[in-house]
Structures are given as structure tokens and as C-alpha cells.
Amino acid sequence: MKKKILIIVSNTNVIGPNNRRTGNFLPEVAHPYAEFDKADYQIDFASLSGDTPYLDALNLADDPDNLKFLTGKGWADMQKAKKLADVDVSAYDAVFVPGGLAPMVDMPEAPLLKKVIAETYERNAVVGAVCHGPVSLLNVKLRDGSYIVKGKNIASFTTAEEDNYARKDVPFDLQTALTKQGAIFHAAAPWSANSIADGNLVTGQNPASAKGVGEKMVAILESKV
């Protein structure tokens, strides 16, 4: 039976006091998607509101995986993303949250998203996120009342990267917030590939890390009977 992956995307298209245009960062969706597709998984999309999601970084469309995503089934399916509230997430073997600045707007709280991530993790399914996507892990509490990131090896977009990218636009610093909730944070050199698996939790630092997150999620899923 095919493994099933649910990619949960943001519905935001602007961020910050200057209304910076944003969305889900193309390679952070397309590169993991390519890994899931290569493994012949069923890949579905959900968004928080059910409205058509936005893509950022379309200038990177010449990358082979990005181009394949845009011109193939990926982007067509993403535009028809279901509302998360209408999805039976328990039917999926993994959930994945890509980054872009967009999740920093609608995913820090989002009660249903937090519930879905906690339940997915606690039933031993795989949870993955990359770049700003790990904001989806923020404020997720497990049954014992602890934060999901407490004591976990985690990577996300770093303070150093944000300082040179969108410091004036983001509502808070993601590395600091994850660390405050007990994450053991791993920061590699800015913009270098850095993905980490800690049990069934897989995170990555930036766009260069998206492929690695996809690969690690597939490796975990393939190891499960």
C-alpha cells in the first residue's frame, strides 16, 4: 500500500509593516515533493483556510525539481489544497510543512494545526518542516504537557540568516522562540544545507536543506514496516 504524505501550506501572501509580498517558498515545497514522488508516495495538500495558497521564489523556476513541480501535478494539486479542518490527518503516514515567510504569519498559533502535529507525532507518524516551516512546531504541546520541541534536535531558519533576509518583516525570531521552548538548536553556516532527524521529527534550516528533509523523511518511512 502506498505511503501517504500530507503537505500543509500557509495561506498568507503578505508579511510585516511594509506588506512584503510572500508565500510558500518554491524549492521548499518542490524539493521534498520530488523526493516523495520518487518514492511513489501519495502526496496531498492542505492549507489552513482552504483558500488557494501562494508561491514565493518563482524566479528559481529554472531548477529542475522546481520546474517539474510548477509544470506537473504538484502545483496543480497545491492550488486545490483542501482546508485542513476537512482532512482526516490520521490517514497519513507523514505531514510536512514547507517554509517561506508566509508560515510566520498564520502558523505560530493556529490551534488545529498544533493539534494535528501533536496527534501525528504521538501516533508515531513522521513530522517534517523546513526553514520557517518549523514555526508550525512552536506552541505544540504533547499529552504530557511538554512542548514537542523540548529536548529535540531541531534546525530552522537561523537568527543570523534572518538578520540578512527579513528581520524588519518577521514578528519574532524563530531560532530564539524554538530555543525558549526547549529545542536543542543546530545552526550551520548561513544558507548551507542542514537537515536533522530526531526520531520521527525531521527539520531543516533553509532552502538548501529542503531536499535533505525530504530524503530523511523517506528514509524513516521506508524503515517502518
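Which helices and strands each supply at least two residues of the lining of the largest pocket? That one is picked up in the second view.

This is a predicted model, so to speak of local features here takes a pLDDT of at least 70, side-chain atom pairs count only at pLDDT 80 or more, and totals for chains, interfaces and linings use all residues. Numbering runs from 1 along each chain as its sequence is written, and side-chain values use heavy atoms, with hydrogens and water left out.

**View 1. Tyr33 and Phe69 meet edge-to-face.** The whole structure holds 7 aromatic pairs (Phe, Tyr or six-membered Trp rings with centres within 6.5 Å; planes under 30 degrees apart are stacked, over 60 edge-to-face, the rest tilted). In this one the ring centres are 5.2 Å apart and the planes sit at 80°. Tyr33 belongs to helix α1 (residues 26-38) and Phe69 to helix α2 (residues 64-71), so the two are 36 residues apart (helices are DSSP runs of H or I with at least four residues, strands are E runs with at least two, numbered from the N terminus). Both residues are buried (under 20% relative accessible area; exposed is over 50%, partly exposed in between, with a 1.4 Å probe and protein chains only). Ring pairs also bring in Phe45, giving a cluster of Tyr33, Phe45 and Phe69.

**View 2. The largest pocket has Tyr33 among the residues closest to its centre.** Its volume is about 220 Å³. A pocket is an open set of points on a 1 Å grid over the protein atoms alone, where a 1.4 Å probe fits, with protein on both sides within 12 Å along at least five of seven lines; lining residues have an atom within 4 Å of a point. Points are joined across faces, edges and corners, and the volume is the space filled by probe spheres set on them. The lining counts 14 residues, with Tyr33, Ala34, Asp37, Ile43 and Lys68 closest to the centre. As for the opening question, α1, β5 (42-47), α2 and α3 (73-79) each give at least two, and α1 has the largest share, 5 residues. By class there are 6 nonpolar, 3 polar and 5 charged residues (nonpolar: Ala, Val, Leu, Ile, Met, Phe, Trp, Tyr, Cys and Pro; charged: Asp, Glu, Lys and Arg; polar: the others, Gly among them).

**View 3. Phe157 and Trp191 form another edge-to-face pair.** Here the centres are 5.3 Å apart and the planes are at 70°. Phe157 sits in the loop between β10 (153-154) and α6 (159-163), Trp191 in the loop between β11 (184-185) and β12 (195-198), so the pair ties together parts 34 residues apart in sequence. Phe157 is buried at 2% relative accessible area, while Trp191 is partly exposed at 41%.

**View 4. Two charged ends sit over tyrosine rings.** Lys4 has its charged end over Tyr92, 4.8 Å from the ring centre. Arg20 lies over the face of Tyr165, 4.7 Å from the ring centre. The test is NZ of Lys or CZ of Arg within 6 Å of the ring centre and within 35 degrees of the ring normal.

**View 5. Asn19 and Ala110 have positive phi.** Asn19, in the loop between β2 (14-15) and β3 (20-21), has a phi of about 50°. Ala110, with phi near 40°, is buried at 16% relative accessible area.
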